[in-house]
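Please keep the sequence and the three-dimensional view at hand while reading.

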Amino acid sequence: QAISNLVCALASSALADAQLLEDVVQISAQRSEEFSALELSNLLWAFATLSIQSPEAFKLFTDTVRRKVASYESRDICRVLWACSQKDSEELLQLQEPLLKSLLEQGRHLDLFVVPALQEAQLRGHSAKTARPLTVMDLPDRLVLLKPSDWEADQGEPASSAGRLSSWLQGLLPFRCFPVLQNTEHNRGFAHRLDVPSSGLLLVAKSFESYKHHEFQLSTGRLVRDYIVLCHGWWPRRDEICAPIHWHDGLNVPSRVLPLGKPSRTMFAQMAHCWKDSEA
């Protein structure tokens with residue numbers, strides 16, 4: 001540290017005693033492994049400012065940075081990058097590449113772990129081992145999510161202890177920019193829902209106008225949803241079910257087939273049939 005401070009002081013005061021600088025360069029090169037990132041950045045800056053020509057010392061310093069860069073914090077990397085930019089040197093220009101790589105890796109680490117960790121506090125007991133939702137299409141006014149099982153498309157108050165998609169969306173899209181995502185009267189932007197145990201695609205509106213467009217498509221039957229279901233038993237000789245489906249608004253209870261329900265039509269086809277020991 002004393003050596004680094006001395007060189008910085010000489011550079012700041014524009015003092016360039018040739019013999020003193022030569023001695024400092026020699027000692028610094030011999031002890032390059034002992035310098036911290038801050039001290040190395042100060043040395044590189046000072047040598048550039050004083051126009052010190054010592055290729056051997058520069059190589060020792062840059063080799064030290066390459067070996068230690070994985071342990072540097074982003075602040076330290078930025079300091080070294082700034083020092084490298086102060087001198088037109090091929091050696092220092094080449095050093096920028098591993099520094100940039102390490103900086104970007106730190107950013108990716110934060111994207112992968114810090115944001116989900118912040119979301120995790122809002123997931124009401126949801127297991128961190130469960131698969132995460134995935135954005136498969138992102139348009140200006142809506143997006144398509146791939147919902148894993150054990151996640152709830154909570155259009156209002158959560159009905160289970162499963163992961164809440166609204167909390168996950170909050171980490172992806174700030175509510176202050178997309179207020180529909182916290183508006184329960186508009187189902188938090190979810191155009192439809194999937195049961196917690198199931199997985200599949202979900203349409204999510206980013207704006208109230210987009211939500212109304214989804215409502216229009218649902219109401220007119222223009223939005224078609226396909227499901228893949230694993231069943232046990234022999235397949236019936238039919239390809240369509242028409243039945244009135246009734247559900248209670250505001251109640252988290254299963255839908256039922258009742259005469260007072262809304263007409264519903266489901267078409268299905270057998271994709272594959274397997275059996276073992278006469279059991280389907």
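## Overview of the fold

The protein contains 8 helices and 8 strands. The model is a predicted one. Of its 280 residues, 35% count as buried. Among contacts with a separation of 6 or more, 60% are between residues 24 or more positions apart.

In soluble globular proteins, nonpolar side chains tend to be buried together. The largest nonpolar core of this model has 26 residues, of which Leu44, Phe61, Val65, Tyr72, Val80 and Leu99 touch the most other members. Two or more residues of this core come from each of the helices α1 (2-13), α2 (18-30), α3 (37-49), α4 (55-68), α5 and α6 (90-120). The greatest contribution is that of α3, with 7 residues.

Val65 illustrates how such a member is surrounded. Leaving aside residues up to four places away in sequence, Val65 touches Leu40, Tyr72, Val80, Leu95 and Leu99. Apart from this core lies another, of 15 residues, which includes Leu143, Ala153, Trp168 and Val204.

## One face of a helix

Helix α5 spans residues 74-84, and its buried residues are Asp76, Ile77, Val80, Ala83 and Cys84. Seen down the axis of α5, these residues fall within an arc of 125°, so they line one face of the helix.

## An open antiparallel sheet

Strands of a sheet pair through backbone hydrogen bonds, either parallel or antiparallel. In this model, 3 strands form an open sheet in the order β7-β6-β8, with antiparallel pairing. The edges are held by β7 (256-257) and β8 (262-267), each with a single partner strand, so one side of each is left without a neighbour in the sheet.

Strand β6, residues 240-246, pairs with β8 over 6 bridges in the antiparallel sense. Within this pairing, Cys242 stands opposite Arg265, and the bridge partner of Ala243 is Ser264. How many of the 6 residues of β8 are buried? The number is 0, so β8 lies largely in the open.

## Two residues of one loop

The loop between α7 (165-172) and β5 (200-205) holds His192. Glu185 is also found in the loop between α7 and β5. Is each of these residues buried or exposed? The table gives the values.

| Residue | Relative accessible area | Class |
|---|---|---|
| His192 | 8% | buried |
| Glu185 | 69% | exposed |

A residue counts as buried under 20% relative accessible area and as exposed over 50%. His192, at 8%, therefore counts as buried, whereas Glu185, at 69%, is exposed.

His192 touches Gln155, Leu201, Leu202, Leu203 and Arg225, not counting residues up to four places away in sequence. A polar atom of the His192 side chain lies 3.2 Å from the backbone nitrogen of Leu203.

Notes
Residues are numbered from 1 along each chain as its sequence is written. This is a predicted model: local features need pLDDT of at least 70, side-chain atom pairs count only at pLDDT 80 or more; totals for chains, interfaces and linings use all residues. Side-chain values use heavy atoms; hydrogens and water are left out. Helices (H or I, at least four residues) and strands (E, at least two) are DSSP runs, numbered from the N terminus. Buried means under 20% relative accessible area, exposed over 50%, partly exposed in between (1.4 Å probe, protein chains only). Contact means heavy atoms within 4.5 Å. The arc is that of the directions from the helix axis to the C-beta atoms. Two strands pair if DSSP finds at least two bridges between them. A polar contact is a pair of N or O atoms within 3.5 Å; within protein, one must be able to donate a hydrogen and the other to accept it, and residues adjacent in sequence count only if both atoms are side-chain atoms. A nonpolar core is a set of buried Ala, Val, Leu, Ile, Met, Phe, Trp, Tyr and Cys residues joined through side-chain atoms within 4.5 Å.
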